[in-house]
Amino acid sequence: MRTEDSARVLVVGAAASGLATVEALRRKGYAGGITVLGDEPHAPYDRPPLSKQVLAGLWEPTRVALRAPEVLSGLDAEFVHGDAAIALDPVTRTVRTERGREYQADAIVIATGMRARALPGQSGLTGVHVLRTLDDALALRRDLLACTRLVVVGEGVLGAEIAATARTMGLDVTMTGPQPAPMALQLGSLVSEVLAELHDERGLRLRLGVGVAGLTGDHGRVAGVRLDTGEVVPADAVVVAIGASPATEWLADSGLRLENGVVCDSRCRAAEGIYAVGDVARWHHERLGWLIRLENRTNATEQAQVVAGAILGQDEPYVPVPYFWTDQYDAKIQVHGMLPIGAEVDVVEGDVPARRFVARYHSDGVVTGVLGWNMPKQARLRRQEVVDALQAAAAIH
Ligand SMILES: Cc1cc2nc3c(=O)[nH]c(=O)nc-3n(C[C@H](O)[C@H](O)[C@H](O)COP(=O)(O)OP(=O)(O)OC[C@H]3O[C@@H](n4cnc5c(N)ncnc54)[C@H](O)[C@@H]3O)c2cc1C
């Protein structure tokens, strides 16, 4: 085993949150050594366009790069690609890699994100895809160009985006999943029903409210999706979009608390000198008063600012107002705050039939979130109501 130069800061995971941590460290004046270790062969790239512009072929794959090569080299950090961390010793702060490297650091940042979940038995068939990486997106696009019938298993945000893109490309698309409407769990019944209408108008076949029992194949290639009812929906290709799990398998023996992510304190610290950032981090949100993990692009950047500050001795809790967006056909949906299951929903601006509106979500009289549908500015202005409610909640905790 080779021992690499002692890196003062080691970032494991070379994507949005890892890169944002490096940039924040430099911006805040940190001049020491930084190594960024990533298991993908690519320089840091952005994931949101994968299910939209890249899948649709509107963007060349190179356009997802988060920074130009010269900007990356200006960071004066060592980027190591194509090698996975396989173990962490938090006491000596040492990371071992698949290729036999060993890094010891003063601070380690875990930025390993998520892995797509698979359906049992899917690996034995060709034509079955997940979508998490650039390579996944390119493989799926190749298949979409060669086939006519796509079944999307999963009615969450990723499934809904992929279905919209594939419909726009002219494929015959069916979406399946146990919820009654696309993104019903994330958006609640009122808005998800509007989304269902939109998909329906665009010709998507919705086979929702029913689980998936498995896949059927023909000569090693997927041929259909078997629903719990016994019905088989024929398919030339299938995308499995049933969620993702935090990429923490390499930390199994580390002694860190791993429960639906790397559990951290309010400063995003998992142990002395060990931090987590982005999709993989589950930290104590002081204003909410509970542990939270966010899977969205804005969080990857915002949380990195606090992690970099914590490494440099600043003592600030990470207390964001969560934010995510999704684009499907011509619908641009933005969500500030949280939309808990069972929340009451009022349309406070615009109107639903015109598909331009802002909805406010509240539970027990407390505003938890606002959603804008093709009204980004108005939704952003209403965000203050969520901030005020969070501040009031913090006063109670
Ligand atoms: C297709 C798609 C579309 C999306 N669209 C939207 C959107 O419209 N709006 C929105 O808000 N969010 C969206 N997201 C979510 C957003 O992209 C993520 O929240 C963001 O990428 C999280 O960044 P991250 O750096 O924390 O994790 P990731 O982007 O998952 O990066 C983690 C990196 O660490 C690597 N890694 C994992 N394990 C190891 C290891 N052991 N050793 C070394 N490296 C490792 C991974 O391969 C990966 O490169 C989308 C995500 C996907 C997949």
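The model is predicted, so local features are given only at pLDDT of at least 70 and side-chain atom pairs only at pLDDT 80 or more, while totals for chains, interfaces and linings use all residues. Residues are numbered from 1 along each chain as its sequence is written, and side-chain values use heavy atoms, with hydrogens and water left out.

**Around the ligand**

- There are 34 residues around the ligand, and Asp39, Glu40, Arg47, Lys52 and Asp279 come nearest; a residue counts as near if one of its heavy atoms lies within 4 Å.
- The shell is made up of 15 nonpolar, 8 polar and 11 charged residues, where Ala, Val, Leu, Ile, Met, Phe, Trp, Tyr, Cys and Pro count as nonpolar, Asp, Glu, Lys and Arg as charged, and the others, Gly among them, as polar.
- Among the elements that each supply at least two shell residues are α1 (16–27), β3 (34–38) and α7 (297–311); helices (H or I, at least four residues) and strands (E, at least two) are DSSP runs, numbered from the N terminus.

**Atoms facing the ligand**

- Oxygen atoms of the ligand lie 2.8 Å from a polar side-chain atom of Ser17 and 2.7 Å from an N or O atom in the side chain of Arg132.
- The backbone of Asn296 places an N or O atom 3.2 Å from a ligand oxygen atom.
- Of the 1,000 Å² of accessible area that the ligand has on its own, the protein covers 95%, by the Shrake-Rupley method with a 1.4 Å probe.

**Two helices**

- The axes of α1 and α7, lines fitted to C-alpha atoms over the stretch in contact, come within 8 Å and cross at roughly 40°.

**Positive phi in loops**

- Arg93, in the loop between β5 (85–89) and β6 (94–97), has a positive phi of about 50° although it is not a glycine.
- Asn374, in the loop between β27 (366–373) and α8 (376–396), has a positive phi near 55°.

Note on methods:
A polar contact is a pair of N or O atoms within 3.5 Å; within protein, one must be able to donate a hydrogen and the other to accept it, and residues adjacent in sequence count only if both atoms are side-chain atoms. Axes are lines fitted to C-alpha atoms, for helices over the stretch in contact, and angles run from 0 to 180 degrees between N-to-C directions.
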